[in-house]
Amino acid sequence: MSFNCLLVLSVTVIIGTVGYAQTSKVHRDRKCIMTLDETCQIYVCTFPDKFPEFPGGVAELGKFIQKNIRLSKENNGSQSKVYLSFIVTETGKIECLSIRSIKQSKYSIIDKDVLQGMAKMPNWIPAQCNGTNVAALYSLPITICLANQ
């Protein structure tokens with residue numbers, strides 16, 4: 001039995017505080033609102049002028065996902081939507097890669113496979129606010145459809 005994997009990619013930038021980003025400490029820096037992500041202990045820009053970008057854009061991100069996410073054989077004929085969240089730092093480095101979930105349970109096999117593949121991401125082009133690189137929260141919903149063959 002072999003498995004074909006179709007990953008349907010949709011990209012959404014989450015603005016403001018989502019999931020684990022908290023707003024208990026806020027400061028303003030040259031009209032850029034920075035919010036402390038308490039889980040990661042990193043200040044992220046809430047409304048950057050320019051959002052973080054994967055090198056080469058969305059099309060290259062889709063190719064990266066197709067190439068690097070390898071799903072376990074235990075995933076047979078299932079469909080799943082994974083909400084990947086991470087912070088792109090002011091240097092473009094990926095920090096705090098996690099799966100956002102409504103239910104705070106352990107990661108599923110698909111979640112672990114997605115995290116393992118996405119941990120290989122190269123540095124991104126960082127967000128900018130007032131011409132300065134800033135850290136920003138990024139959310140990436142990935143729909144996974146598996147079919148037995």
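# Exercises on disulfides and a helix

A disulfide bonds cysteine 32 with cysteine 129, with an S to S distance of 1.8 Å. The exercises below concern a predicted model.

## Exercise 1

Determine the handedness of the disulfide between cysteine 32 and cysteine 129, and state where its two ends lie.

**Solution.** Begin with the torsion about the S-S bond, which is about -105 degrees; the disulfide is therefore left-handed. Finally, consider accessibility: both cysteine 32 and cysteine 129 are buried.

## Exercise 2

Describe the disulfide between cysteine 40 and cysteine 96, and classify each of these cysteines as buried, partly exposed or exposed.

**Solution.** The S to S distance of this disulfide is 1.9 Å. Cysteine 40 is located in the loop between S3 and strand S4 (42–45), while cysteine 96 is in strand S6 (residues 94–100), so the pair ties together parts 56 residues apart in sequence. For the classification, buried requires a relative accessible area under 20%. Cysteine 40 has 15% and is therefore buried. Cysteine 96, at 25% relative accessibility, counts as partly exposed.

## Exercise 3

**Solution.** The structure contains two disulfides. Cysteine 45 has 5% relative accessibility and counts as buried.

## Exercise 4

Identify the buried side of helix H1 and the exposed residues on the face turned away from it.

**Solution.** List the buried residues of helix H1 (residues 58–68): Leu61, Gly62, Phe64, Ile65 and Asn68. These residues cover an arc of only 160 degrees around the axis, so they lie on the same side of H1. On the face turned away from this buried side are the exposed residues Ala59, Lys63 and Lys67.

## Exercise 5

State which residues asparagine 68 touches, leaving aside those up to four places away in sequence.

**Solution.** Asparagine 68 is part of helix H1. Its relative accessible area is 13%, so asparagine 68 is buried. With residues up to four places away in sequence not counted, asparagine 68 touches Gly117 and Lys120.

How values were computed: Residues numbered from 1 in each chain as written. Predicted model: local features only at pLDDT ≥ 70, side-chain atom pairs only at ≥ 80, totals over all residues. Heavy atoms only, no water. Disulfide = S-S within 2.5 Å. Helix = DSSP H or I, 4+ residues; strand = E, 2+ residues; numbered from the N terminus. Buried < 20%, exposed > 50% of the residue type's maximum accessible area, 1.4 Å probe, protein only. Arc of directions from axis to C-beta. Contact = heavy atoms within 4.5 Å.
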